[in-house]
Amino acid sequence: MARLCYPTGHISDNANARKLFARVDMDNDSSLSIQDFEGIFKRFDLNGDDKIERGEFVKHWAIEKLGTPPEAVNLFNNLDVNKDGVISHSPDLPFIFIWFDSDVNGQVNEAEFVVTWQKLTT
Ligand SMILES: [Ca+2]
Ligand SMILES: [Ca+2]
Ligand SMILES: [Ca+2]
């Protein structure tokens, strides 16, 4: 499964993805668990109702300066797995984690994070 070729130049780097990764990797072990993804979820759920609506997502995206508004919308649409207009703990979040965890070891490392981020924002 040699799918990851970062950083050989096949996939462009993404400073914003790295920035968010560093911010949410609380224990600095350079990998994110599903719990860390829950942490990302909480950051975007501005009103704490356990759902991320498009407006919240775009707003937090702008606050954290994670990229352009169209990238935010692309990412939101991709992360809303069941297309019900919100990102929720179930079923969206487990699917999102699986996408990011390319080698299925239960941890998302920086390369996996950046690569999947690039795919989902464009
Ligand atoms: Ca919310
Ligand atoms: Ca959803
Ligand atoms: Ca992994």
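Ala72 is partly exposed because 19 other C-beta atoms lie within 10 Å, where a residue is called buried with 20 or more other C-beta atoms within 10 Å of its own, exposed with 12 or fewer, and partly exposed in between, the C-beta atoms being placed from the backbone. This is a predicted model, in which local features need pLDDT of at least 70 and side-chain atom pairs count only at pLDDT 80 or more, while totals for chains, interfaces and linings use all residues. Residues are numbered from 1 along each chain as its sequence is written, and chains are lettered from A and ligands numbered from 1 in the order in which they are written.

**Ala72 and its surroundings**

- Ala72 belongs to helix α4, residues 69-79; helices (H or I, at least four residues) and strands (E, at least two) are DSSP runs, numbered from the N terminus.
- Not counting residues up to four places away in sequence, Ala72 touches Phe57, Val58, Trp61 and Gly67, a contact being two residues whose C-beta atoms, placed from the backbone, lie within 7 Å.
- Val58 is 14 residues from Ala72 along the chain, and the C-alpha atoms of the two are separated by 5.8 Å.

**The chain as a whole**

- The protein chain contains 6 helices and 4 strands, which follow one another from the N terminus as α-β-α-β-α-α-β-α-β-α.
- For 122 residues a compact globule would have a radius of gyration near 14 Å, and the protein chain agrees with its 14 Å; this radius is taken over C-alpha atoms, and the globule rule is 2.2 Å times the number of residues to the power 0.38.
- Along the principal axes, the C-alpha atoms of the protein chain fill a box of roughly 40 × 25 × 25 Å.
- Of the 122 residues in the protein chain, 20% are buried.
- Among contacts between residues at least 6 apart in sequence, 52% join residues at least 24 apart.

**Helix α1**

- Helix α1 covers residues 15-24, and its residues Ala17, Leu20 and Phe21 are buried.
- Seen down the axis of α1, these buried residues fall within an arc of 105 degrees, so they line one face of the helix; the arc is that of the directions from the helix axis to the C-beta atoms.
- An α-helix has 3.6 residues a turn, so residues three or four places apart point the same way.
- Ala15, Ala22 and Arg23 are exposed residues on the face of α1 turned away from its buried side, whereas α6 (110-121) is included in what covers the buried residues of α1.

**Nonpolar cores**

- The largest nonpolar core has 11 residues in all, including Ala17, Leu20, Phe21, Ile96 and Trp117; such a core is a set of buried Ala, Val, Leu, Ile, Met, Phe, Trp, Tyr and Cys residues joined through C-beta atoms within 7 Å.
- At least two residues of this core come from each of α1, α5 (92-100) and α6, and α6 gives the most, with 4 residues.
- Leaving aside neighbours within four places in sequence, Phe113 is in contact with Ala17, Phe21, Leu32, Phe100 and Val108.
- Another core, of 7 residues, lies apart from the largest one, with Phe41, Ile52, Leu75 and Ile87 among them.

**The annotated span**

- The UniProt annotation "domain: EF-hand", from an unreviewed entry, covers residues 32-67; UniProt positions are given in the numbering used here, feature names are shortened, and annotations may be inferred rather than shown by experiment.
- Residues 32-67 are 58% helix and 11% strand, and their end C-alpha atoms lie 21 Å apart.
- Ile34 lies in helix α2, residues 34-44, and counts as partly exposed with 17 C-beta neighbours inside 10 Å.
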